Amino acid sequence: MIPVVSKLPKTPTTIFTVMSALAAEVGAINLSQGFPDYDCAPELTELVYKAMKEGHNQYAQMTGLPALREAIAAKANTLYGADYDQNTDVTVTAGGTQALFTAISAVIQPNDEVIIFEPAYDAYAPTVKLMGGVVRAMELTPPDYRIPWDMVKKLVSVKTRMIILNSPHNPTGTILDENDIKELITIVKNRDIIILSDEVYEHLVFDGKQHLSMALYPELRERSFIAASFGKLFHTTGWKIGYCLAPAYLMQEFRKIHQFNVFSVNTPMQVAAAEYLKDESVYLGLADFFQRKRDNFREGLSQTRFELLPCHGSYFQSVSYSNFSDEKDNELAVRIAKEFGVASIPVSAFYNKGTDHHILRFCFAKKQETLDKAVERLMKIG
Ligand code: PMP
Ligand code: GLN
């Protein structure tokens with residue numbers, strides 16, 4: 001064996017892989033990794049099939065198919081009153097993950113500091129570390145997980161190069177409000193701080209609330225990478241297509257990396273996505289669709305011993321079990337999968353220090369019958 005110095009010595013296999021593998025092994029209902037257990041619209045698969053039959057089977061443009069970039073820019077500009085140029089400010093990526101990775105790689109230099117809010121999606125910190133950056137994690141606390149902006153101000157220094165935000169938030173379902181935006185604008189003003197805004201759940205916002213995209217605010221838009229995912233828009237997480245929005249000067253650096261990282265994203269799905277996006281109800285209907293699921297699932301969970309945390313967006317519902325157990329969340333998640341047949345995600349996996357508030361995350365992007373069956377099993381706990 002050739003000695004290899006690990007670039008990420010302390011990074012374990014992602015919790016999503018671990019829990020989905022466990023669910024498969026023990027035959028548990030998988031509410032852990034976030035993906036739908038129902039199919040996408042047949043019209044969409046037909047469009048892919050048609051694109052393949054019509055010969056759209058070679059490389060797409062490095063930056064993404066023009067028709068798709070046009071549709072993406074039109075969507076963002078209409079929804080958020082932005083002025084993204086399809087030629088210079090939009091790049092189609094292999095999922096939100098690649099958009100995040102490439103954005104971080106494009107601008108983070110060794111010793112640059114990056115502020116993240118934990119619990120944080122598990123891709124952020126390792127990517128920052130790979131680039132030699134320093135993660136400055138700020139822990140948020142349940143049940144509301146609001147960002148304490150006074151403390152953020154203390155964390156910001158001349159070394160701060162990036163702030164990573166995620167709204168709607170995975171795993172807590174919180175969303176940024178106008179006050180958060182106001183504080184953010186104050187903090188970044190006159191500083192060379194780039195924002196990486198993970199907005200993959202942009203359309204999954206409930207109770208009539210509005211998603212506050214960085215694209216809405218010129219003073220934030222001009223310094224932001226926005227990561228998005230068609231996996232969430234189309235119920236197609238396995239297609240791994242997403243995109244990144246950024247002003248041209250940032251996108252130019254992004255594309256320098258993107259061209260050698262993936263070069264381009266698969267063509268027939270881009271052809272299909274461009275066509276499918278013409279119908280705005282595809283994404284504008286998602287909030288109602290998932291809100292119904294959230295409401296039914298919460299109703300079911302309220303009959304269990306778990307305590308429900310708020311959920312304003314995303315397709316995740318977190319629950320606390322401190323009232324009936326002091327087991328570690330990762331141990332309880334494994335036990336519930338094995339003994340009761342429901343897989344979840346222990347939220348400590350989203351903290352660098354493994355902070356355990358005794359909270360589990362369930363994904364409700366599932367058929368009603370799946371959620372009902374899961375609730376039935378969870379009712380037996382305790
Ligand atoms: N960011 C967040 C917060 C996510 O939950 C996910 C996973 N769906 C991603 C990014 C990655 O998206 P994709 O599957 O399109 O790579
Ligand atoms: N975003 C999904 C989740 O939070 C998982 C993505 C993945 O498995 N990499 O569950």
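The legends below describe close-up views of a predicted model. Local features need pLDDT of at least 70 and side-chain atom pairs count only at pLDDT 80 or more, while totals for chains, interfaces and linings use all residues. Residues are numbered from 1 along each chain as its sequence is written, and side-chain values use heavy atoms, with hydrogens and water left out.

**View 1. Surroundings of ligand 1.** Of the 13 residues around ligand 1 (a heavy atom within 4 Å), those that come nearest are Thr97, Asp198, Tyr201, Lys232 and Lys240. Polar side-chain atoms lie at polar-contact distance from oxygen atoms of ligand 1 (N or O atoms within 3.5 Å): 2.5 Å for threonine 97, 2.6 Å for tyrosine 201 and 2.8 Å for asparagine 170. On its own, ligand 1 has 390 Å² of accessible area (Shrake-Rupley method, 1.4 Å probe), of which the protein covers 93%.

**View 2. Surroundings of ligand 2.** Around ligand 2 are Phe16, Gln33, Gly34, Tyr121, Asn170, Tyr201, Phe316 and Arg361. An oxygen atom of ligand 2 lies 2.7 Å from a side-chain N or O atom of glutamine 33, and a polar side-chain atom of asparagine 170 is 2.7 Å from an oxygen atom of ligand 2. For tyrosine 121, a side-chain N or O atom is 3.4 Å from a nitrogen atom of the ligand. Taken alone, ligand 2 exposes 300 Å², and the protein buries 80% of that.

**View 3. Packing of helices α4 and α10.** Helix α4 (residues 95-107) packs against helix α10 (residues 248-261), both being DSSP runs of H or I with at least four residues, at an angle of about 115° and with axes 8 Å apart (lines fitted to C-alpha atoms over the stretch in contact; angles from 0 to 180 degrees between N-to-C directions). The contact (heavy atoms within 4.5 Å) includes Phe101 and Thr102 of α4 and Phe254 and Ile257 of α10.

Technical notes:
Chains are lettered from A and ligands numbered from 1 in the order in which they are written. Helices (H or I, at least four residues) and strands (E, at least two) are DSSP runs, numbered from the N terminus. A polar contact is a pair of N or O atoms within 3.5 Å; within protein, one must be able to donate a hydrogen and the other to accept it, and residues adjacent in sequence count only if both atoms are side-chain atoms.
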